[in-house]
Amino acid sequence: MAATGDPILKAEGIAKSFGAVRALRDARLTLHRGEIVALMGANGAGKSTFVKILTGALRHDGGEITLNGRPCRFASPAAARRAGLIPVYQEPALIPDLDVAMNLRLGGTPVEAFLARVRELGVDDLRLDDMIRALPLATLRILDIARALAAEPDVLLLDEVTAALPTDLVKRVLAAVRAEADRGRAIIYISHRFSEIADICDRATVLRDGAKVGDLAVEPGIEEEVVELMLGQKLDAATQVARAPVQAGTIGPPQLELRGLSVAGRVENVSFTLRAGEVLGVVGLEGQGQDELFDAIAGFRRPDAGQVLIDGAPVRLRDPADAIAAGITLVPGNRAEALAMIRSVRDNIALPGVARARNWGAIPMRAEAARVQAAVERLQIDTRAMGEVRRLSGGNQQKVTIGRWIAHGVRTLLLFDPTRGIDVRTKRQIYQLCRDLAAQGAAILYYTSELAEVEQACDRTIVIFGGRLVDEIPAGEADEAHLLRAAYGLTARDRETAAGAPA
Amino acid sequence: MRRFLARHYWVTGLAVLFVLMLGLTRIIQPGFGISGLESVTRAALPYAFATAAMSITIIAGGIELSVASMMAVGGTLSAVLMAKWGVAGTVPALLVVMLAGAAMGAVNGVAVVLSRVPDIVVTLAMMYVWGGVALLILNGPGGTATPWLRELILGQVPLPGLRWLPQAALVMAVVIGGIWWSLRRSKLGLSIYAIGSDQTAAFRSGVAVGPTRVAAYAIGGMLAALGGLSLTLSTGVGEPIPGPYLMASVAAAVLGGVALTGGIGGILGPVIAVFILRLARLDLTLMSVDPNVTTIVEGTIMAVVVMIGGLVALREKRR
């Protein structure tokens with residue numbers, strides 16, 4: 001549909017800083033009636049910050065937003081709603097302990113319009129006195145979308161609304177969204193799935209490093225161009241700069257093996273083998289099931305199907321203690337979850353060694369002190385703030401979370417985004433740490449949200465998309481561009497196309 | 001009917017338990033009848049107000065540890081005002097007491113919202129603040145209660161067919177029921193359930209989370225002050241030392257089906273639970289159990305109820 005007239009929503013030069021971090025520098029977006037614009041960007045491009053500003057959950061430091069020609073600055077999501085901009089998020093914003101009717105009343109949604117939308121979206125058996133808690137996720141997604149549509153917004157913002165929906169519902173939702181646009185509504189559509197964007201969007205606006213870098217009409221073959229825009233200069237840089245080649249150590253026998261693992265609808269039929277001495281990279285866009293995958297291997301979540309094998313023998317991981325007993329160690333993405341923040345570096349390093357009940361008695365102080373000292377030296381932890389871990393810098397904290405396991409020996413290490421938010425020098429130390437551990441015979445599973453890390457740290461990389469393992473990339477080919485295309489599920493499609501299957 | 005039972009199985013079960021407790025009391029004390037019911041109800045009145053106050057703050061996702069202290073303020077303030085303003089000034093005195101209660105609750109709520117300190121800490125501190133205020137109003141039992149107001153909660157309802165029903169029960173139904181009913185019919189009530197159930201979802205649905213929380217505490221404070229007033233009415237004097245209402249109200253709220261994690265529960269269940277716990281206490285006394293043992297048993301019942309409530313809530317949220 002042709003975009004005509006003045007834009008209904010226009011955001012220009014939006015800037016936002018969190019302390020010293022500039023999340024957004026110059027984000028822009030223009031939206032006309034009857035138009036669906038895809039908002040795209042790799043992890044860390046500032047997409048979610050931009051969305052929060054547009055919907056009133058955050059306030060911007062600079063730039064201007066005009067809605068219907070009037071400049072506006074939303075103080076809260078409620079204010080944005082009143083102005084006619086309604087968002088729908090990946091996690092449905094419905095109150096679990098209220099029934100459907102009460103949820104509608106809460107937001108002032110007209111019931112008749114809502115029910116009409118619900119039927120249009122293909123849910124027939126809804127009762128208004130159903131409790132939200134009792135409804136399946138797919139239905140909630142539909143209700144959330146229907147609620148937003150029933151309020152007749154000028155601008156609808158859909159953020160990953162098709163994630164974890166069954167295919168038939170995805171089709172219905174996409175059709176309904178397109179129909180809304182054709183009726184003259186303006187829609188911002190955020191999705192990791194190129195196929196959906198190709199199906200319904202008119203234009204794509206691409207963000208990189210907090211600024212708009214491209215705005216292009218959606219047409220066949222746009223994927224490559226968008227990926228290039230998302231990567232920017234890095235594409236050339238990656239090919240020019242000599243990269244530190246991965247020092248492949250001696251790869252040993254299989255240590256951790258997954259066979260057809262499925263977890264709570266978020267991970268489906270994932271199988272891979274991790275060998276001793278190997279660093280296996282895991283790459284995926286946000287929310288593709290990597291959290292659940294790591295949790296399941298670490299014993300925090302029980303898988304619905306499939307097997308985990310250690311040294312070729314199946315094991316049951318009912319809770320983290322089982323996983324630890326099987327030699328599996330998780331270093332979670334959030335450092336605060338792993339460390340006792342107000343205790344000393346020494347206590348934190350020593351903790352895994354004393355955690356077992358049979359070790360409760362007296363602590364062999366000298367042996368422990370030696371072990372801690374060795375770990376501190378090895379990790380080059382800044383010892384000026386030894387007394388309380390929370391006073392260490394993020395990078396040093398992360399070194400403690402990994403280093404504590406070195407002090408006690410580790411067989412299988414699961415690292416979940418270990419370099420998030422830490423400086424370059426420390427990052428290098430962490431890569432080296434991984435290599436050293438692998439050289440000692442440890443098997444390491446390494447999820448990272450920074451694709452550039454993969455070639456520096458990993459021997460091999462698997463790619464997860466929509467809960468499925470979609471690609472496996474050897475070290476030599478794991479440059480950022482290839483990984484990003486794989487993370488968007490594009491390489492898998494290439495292969496299908498090559499194999500003659502319909503794309 | 002099946003749907004009704006499925007949804008209200010907890011309250012239905014409590015009602016059955018209440019009737020069983022009445023029967024048990026009758027077995028232990030064959031003379032227990034209309035007058036016994038009347039005195040139990042009158043004694044239960046302050047507990048019912050405290051429990052209503054506690055329930056609404058827990059449903060909003062918080063907790064109110066200063067409930068007994070606010071009752072003491074409400075009780076002493078009403079006794080002093082009724083003594084000073086006399087019969088003619090009773091109605092204004094009532095209004096002042098309710099406003100003072102709402103103000104106390106609002107102060108608690110604002111402190112919780114602005115400081116971002118956990119409500120359990122803030123209201124624990126406020127427990128001492130309001131306790132001190134009560135002692136400033138009256139440093140010992142004193143003041144008086146207007147006779148016609150006292151008679152309002154004494155005896156039975158003087159209507160044919162209702163002569164078995166204690167007046168105190170009618171007052172409870174009208175005041176607590178009235179406040180609760182209007183709350184459930186309002187958007188504020190919905191918002192209170194919403195913020196207790198899922199704060200992020202509520203925020204995204206456009207609920208003003210901070211003001212809603214303050215309002216919940218304010219209503220809780222008003223109910224607590226009314227509870228203090230009811231205590232003054234039944235004893236005839238204002239008592240500045242807070243009574244044993246904190247743990248009792250948490251236990252009754254949880255036994256009554258209010259989830260400690262917030263968002264779930266009503267008022268009927270907690271009020272029936274107040275009666276069940278009061279009857280349990282009465283039965284122990286009637287069986288001439290050593291009063292010291294009685295407090296141990298009472299404390300154990302409360303701890304077990306709260307623990308079970310916590311476990312149930314945990315399982316519900318995990319589903």
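Guide: Helices here are DSSP runs of H or I with at least four residues, strands are runs of E with at least two, and both are numbered from the N terminus. The model is predicted, with local features needing pLDDT of at least 70 and side-chain atom pairs counting only at pLDDT 80 or more, while totals for chains, interfaces and linings use all residues. Residues are numbered from 1 along each chain as its sequence is written, and chains are lettered from A and ligands numbered from 1 in the order in which they are written.

Visitor: Which residues of helix 8 of chain A are called buried?
Guide: A residue is buried if 20 or more other C-beta atoms, placed from the backbone, lie within 10 Å of its own, exposed if 12 or fewer, and partly exposed in between. In helix 8 of chain A, A:Val226, A:Val227, A:Leu229, A:Met230 and A:Leu231 are buried.

Visitor: What are the domains of chain A?
Guide: An automatic or database domain assignment sets the bounds, giving domain 1 (9–232) and domain 2 (254–498) of chain A. Their C-alpha centres lie 33 Å apart.

Visitor: How many residues of domain 1 of chain A are in contact with domain 2 of chain A?
Guide: Two residues are in contact if their C-beta atoms, placed from the backbone, lie within 7 Å. On that rule, 13 residues of domain 1 of chain A meet 13 residues of domain 2 of chain A. Helix 8 (residues 222–231) of chain A gives the largest share of the domain 1 side, 4 residues.

Visitor: How many residues do chain A and chain B put into their contact?
Guide: Chain A gives 14 residues and chain B gives 17. On the chain A side, the elements giving two or more residues are helix 2 (77–83) and helix 3 (100–107) of chain A, and helix 3 of chain A has the largest share, 4 residues.

Visitor: What makes helix 3 of chain B roughly parallel to helix 5 of chain B?
Guide: Axes are lines fitted to C-alpha atoms over the stretch in contact, with angles from 0 to 180 degrees between N-to-C directions. Angles under 35 degrees count as roughly parallel, over 145 as roughly antiparallel, 65 to 115 as roughly perpendicular and the rest as oblique. Helix 3 (residues 67–85) and helix 5 (residues 119–137) of chain B pack at about 15°, with axes 8 Å apart, and these two helices are therefore roughly parallel.

Visitor: What angle lies between helix 3 of chain B and helix 10 of chain B?
Guide: Helix 3 of chain B packs against helix 10 (residues 209–235) of chain B at about 55°, with axes 7 Å apart. That makes helix 3 of chain B oblique to helix 10 of chain B. The contact includes B:Gly74 and B:Gly75 of helix 3 of chain B and B:Gly227 and B:Gly228 of helix 10 of chain B.
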